[in-house]
Amino acid sequence: MLIPTTIAGSLPKPAWLAEPKTLWAPWKLDGDALAQGKQDAVRLALFDQEHAGIDIVTDGEQTRRHFVTTFIEGLDGVDFASRQRVRIRNRYDADVPVVNGPVSRRHPIYVDDARFVRTETTRRVKYTLPGPMTMVDTLFDAHYRSREKLAWAFAEILNAEAREIAAAGVDVIQFDEPAFNVYFDEVRDWGVATLERAAQGLPCATAVHICYGYGIQANIDWKQTLGAEWRQYERTFPLLAQSQIKQVSLECANSRVPLDLMALLAGKDVLVGAIDVASDRVEAPEDVAATLRAALAFVPAARMVACTNCGMVPLARDVARGKLRALAAGAAIVRRELEAA
Ligand SMILES: [Zn+2]
């Protein structure tokens, strides 16, 4: 099938599970009710994706409060009680947990969730994990005193988790590395290497998602500083092209990314972001089709996947559902054109 569709990962949560349009929203349930509520939310996320016509589905990240923090909560060596202020991705300050000893995985974190989503759908499943560099960038490190050493420790933990998630039968494991758009020297020196360590030996396809973030104010302000052309991917794509990672997800819709940068990803599957997650405007299928057609100048159809720019967790649910339908319908337009040609 040409140009299958998928999403970056997250979807909004039902209002009975967590406050809508809020990052890090606390759970509204607890105990067994929370466990059941998360599973019901995963079922709804799958329902919405399947009814929209999305081909490679996710759990909508319904079982996690945040794409990085929730994973780190499952680790030893991180103190969530004592917080230190740091600057995340050189963009905004946050009071973050402190690494105060060797980090290790206390128990499998998302493995049961991955098994659950596998049993609830017959479609291909993608499972998302944070990448090592992005994890490092959300913590204050009082133990390793080295971003690189901490990243290698996280990579080993991620690999153990990813192997168990792959064994649950998922088709793609994607690591989210928005930090790759900020720390270019570190990406070159150890970022791609630690990412490959996290993905080492996995029997399923592997992906990395890089982006310009959710539509939150700090990201909108940052984008204003990036100039007329966003060429950040120019530094990372050649490194990823030589890596073992099979798929690369990037932002294309309503962004100033020169699409010809995708030509630097020769040999990789490219997840073309054709849905703007920083806007409540629901794209028309023809908008999505136009983005995909433009990308076809630089990515062969056989290696193209239609995707969202980033996660949709901060959006209203009806907006996210509309965007899912637009994504599937837009990809279908281009698929029909290619098949007719
Ligand atoms: Zn993203």
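## A tour around strand β4

Start by selecting residues 124–130, strand β4: six of its seven residues are buried, so the strand is largely enclosed by the rest of the structure. Buried means that 20 or more other C-beta atoms, placed from the backbone, lie within 10 Å of the residue's own; exposed means 12 or fewer, and partly exposed is in between. Strands (E, at least two residues) and helices (H or I, at least four) are DSSP runs, numbered from the N terminus.

This is a predicted model, where local features need pLDDT of at least 70, side-chain atom pairs count only at pLDDT 80 or more, and totals for chains, interfaces and linings use all residues. Residues are numbered from 1 along each chain as its sequence is written.

**Next, the neighbours of β4.** Select residues 56–57, strand β1. It pairs with β4 in the parallel sense, over two bridges. Two strands count as paired if DSSP finds at least two bridges between them. Click Ile56: its bridge partner in β4 is Arg124.

Now select residues 172–176, strand β6. Five bridges join β6 to β4, and the two run parallel. Which residue of β6 is the bridge partner of Lys126? It is Val172.

**Now zoom out.** Show the whole protein. Look for ten helices and ten strands. The C-alpha atoms fill a box of roughly 60 × 45 × 40 Å along the principal axes. Of the 341 residues, 45% count as buried.

Finally, consider contacts, meaning pairs of residues whose C-beta atoms, placed from the backbone, lie within 7 Å. Among contacts with a separation of 6 or more, 79% link residues 24 or more positions apart.

Conventions. Two residues are in contact if their C-beta atoms, placed from the backbone, lie within 7 Å.
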